[in-house]
Amino acid sequence: RRLWRRIDSEFQKLGTRAFRFLTVLEAFIGNLPLTICAVAMATVTLGVVWFKFAEEFLDTCEPVHFHSSQCTFPEFPGCFYCDTKATGYKIAIGFHYGCKVVSGLLAMLVVVKIILATRVVVDEMSSPTTSSPAGLLCMTSVCVFAGRGLIGQIIVTSAAGIHLGLAIWFIYMALAYHIMPEPSWFPNTIGIGLSAVKTWIYYPMPGHLLMAVSLSLNFFFFPISLIRVAVNKKISATVGWMQMGAPAISLYALTIMAQPSFEEEHPDVTNFQRMHRMVYLPCMHVMCALSILGMGASVHSLWVRWADFKHKEFSPAHAAFCFPTLSHANAIQAYRGALRSFSNIPPRTWRMYILDAYWFVILMGGTVATFWICGKFLLKLPEWTSPDLSDEEEPPAPYDTLLSRQDMVTAGDALTQPFVSPAILQANETGALVLTRSPRDGTLRYVRTRRIRALGFEPTMNWSEMQEEREVLLEWVGKHPPRRRHRTLSVPGIDFSYGASLGTGNTGVYGSFSPVQSRRRVMSQGGDNPSFLF
C-alpha cells in the first residue's frame, strides 16, 4: 500500500510537471509576435542569396536556362549546371537546406499559433498596424516548399492564393482606416511578387498575373511611401528601413520574364534575346534604379531618426532590418544576371565592378545584421511571450478607446502630417490580445495588454508618448476637420465580438457594462495547485 501511494504521488508530480510545461508551451506559441515571420523570411532568403553566390563563383557551375534538365537546383534568379560532388557545392547546398529547415520550422510555429490561438490571430488581423507582417508567412512558405514535389506544389499554390486574399483584405482595411501607403504595407501587398515567382514554376500564367499585380502595386504605392517617409518624421525607423523592399521584390518577380516557358534542351533563343533586349532589359534598368533609390531612402530614414531610435529597447519590430536588406541583395543579384544574359556590357568594366562591389557590401551587411538580429530575436522570445499582467490596468477594446469615442480613428493620413497615424495610435491604446491561463484554476483566458514591445513593425509607445501624440492629433483635427463621408467602410475591430471567454474573470469585460467598471485585473498570486503557476 505504501508503494502504491508513492507511485501515485510520483505520477501526480509527473502530471503536474507535464501540465506546467504544456501551459508554458501554449503561451509561448499562442503569444508569438507575428514579426517572427520576418525572421523566417530573412533566414530563407539568406540561404538563397549565398547559394546563388556559390553557383556564380564556383568553377564547377555553368549557367543554363531554367527548364533545362541540366538545371541542377531550380532556384531563382537563373539556374546552373553544377558538379554536385564538388566540396564547395556541397557546403553551399547544405547551408541552403539548413536555412530552409530553420525557416520552415519558424513558419510552422506560426501555423500552429493560428490553430491554437485563433482569436489572437483574428485580433491581430483586424488592424493594419498589427497585421503588417502576415504576408511574410506566405512569402516564406513559397520559398521553403517550392520544388518539393506534389506537396510543395499544393503548399505554394495555397500560399499564393492566401497571399492574394490577404492583399485584398489589407487594402480594404487601409481604405476603412483612411490611411496612406507606407513601407509596412509592402509584405502584404507588393510582396505577392515573391509568390508569383514560385507559382510560375508550376503555373506560368497565374505566375505572370501575380507578377503584374506586384508591379502595379509597386508603381502605385512606392512613390507615395517614398514621399511620406522622407517628409514625415513620425514614421518609425523600423518601418522606414523597409522602404527598399518594394522595388526589390518587384524586380525579383520580373526575372520570370527572362526564363522561357517552353521545355527544350537547346531552344532557338535568337528572337527571345532580341525581344528581351528591347523590353525586358530596359524594365530591369528601371527597377534597379528604383531599388537603389529605395535603399537610399531607407538609409536616409534611419539616419534622420537615429538620435531617437538608438534609445529604443530591442523589440520584435527590429526584425524589419533583416529581410528587406537581403531582398535588396537578391534583387541586385538578379539584375546582374540580366546584364550578363542580355546586355552587351563586358563583364570586366568599371560599371560592373562598381555593381559587384555594391552587391557584395549589401550581401555582407545583410548577412551580419540577420545573424545578430535574428539570434537576439529568438533569445528574447521567452520573455516576449510571457508578459507580467499581474498589476496592469487592462486596455480598452478597440471600440472603447478614446480615439473611437472622439471619432478620430478614421481621421486618416495626409501626405505630410505632424502626427502619428491614428491607426497606430489606436493599436497602441488598445494593446494586444494575449493568451493566458488563470493561476487559480487554470482556465484559458484572452486578455489585453500593453506590456508588449512592438505592434507589428511599430515599437510600442509609452504612455507619455501616446498622450503627446494624441494631443497633436486633436490639434490637427481641430484645424483640419475631416470631410463628412456618406458612404464609408466599417472599421475592422471596432465592433468585432470575441466571445464570452475574453477578459478578466472569463466574463467578457467588453460588454455594455464595462466602460463604467474598473478594468484592473485580479490576478491571484497564490493557489492550492502550483501546476498553474508558470
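Which handedness does the crossing of H2 and H5 have? The crossing of H2 and H5 is left-handed (the near helix is turned anticlockwise from the far one by less than a right angle; clockwise would be right-handed). This is a predicted model, in which local features need pLDDT of at least 70 and side-chain atom pairs count only at pLDDT 80 or more, while totals for chains, interfaces and linings use all residues. Residues are numbered from 1 along each chain as its sequence is written, and side-chain values use heavy atoms, without hydrogens and water. Helices are DSSP runs of H or I with at least four residues, numbered from the N terminus.

**H2 and H5**

- The axes of H2 and H5 (residues 135-145) come within 8 Å and cross at roughly 30 degrees (axes are lines fitted to C-alpha atoms over the stretch in contact, and angles run from 0 to 180 degrees between N-to-C directions).
- H2 and H5 are therefore roughly parallel (angles under 35 degrees; over 145 is roughly antiparallel, 65 to 115 roughly perpendicular, and the rest oblique).
- On the H2 side, the contact (heavy atoms within 4.5 Å) is made by Cys 37, Ala 38, Ala 40, Met 41 and Val 44.
- H5 contributes Leu 136, Leu 137, Met 139, Thr 140, Cys 143 and Val 144.
- By class, these residues are 10 nonpolar, 1 polar and no charged (Ala, Val, Leu, Ile, Met, Phe, Trp, Tyr, Cys and Pro count as nonpolar, Asp, Glu, Lys and Arg as charged, and the others, Gly among them, as polar).

**H2 and H3**

- H2 (residues 36-57) packs against H3 (residues 87-116) at an angle of about 165 degrees, with the axes 8 Å apart.
- That angle makes H2 roughly antiparallel to H3.
- The crossing of this pair is left-handed, and its contact has 20 nonpolar, 4 polar and 2 charged residues.

**H2 and H13**

- H2 and H13 pack at about 145 degrees, with their axes 10 Å apart, and their crossing is left-handed.
- Among the contact residues are Trp 50 and Phe 53 of H2, and Trp 359 and Phe 371 of H13.
- The contact divides into 16 nonpolar, 2 polar and 1 charged.

**H13 on its own**

- H13 (residues 350-384) has 35 residues and reaches 48 Å from first to last C-alpha, close to the expected 51 Å (1.5 Å times one less than the number of residues).
- A kink of about 30 degrees lies at Leu 378, shortly before Pro 382 (the angle between axes fitted to the seven residues ending there and the seven starting there).

**A loop residue**

- His 178 is found in the loop between H6 (149-177) and H7 (192-202).
- His 178 has a positive phi of about 60 degrees although it is not a glycine.

Note on methods:
Helices (H or I, at least four residues) and strands (E, at least two) are DSSP runs, numbered from the N terminus.
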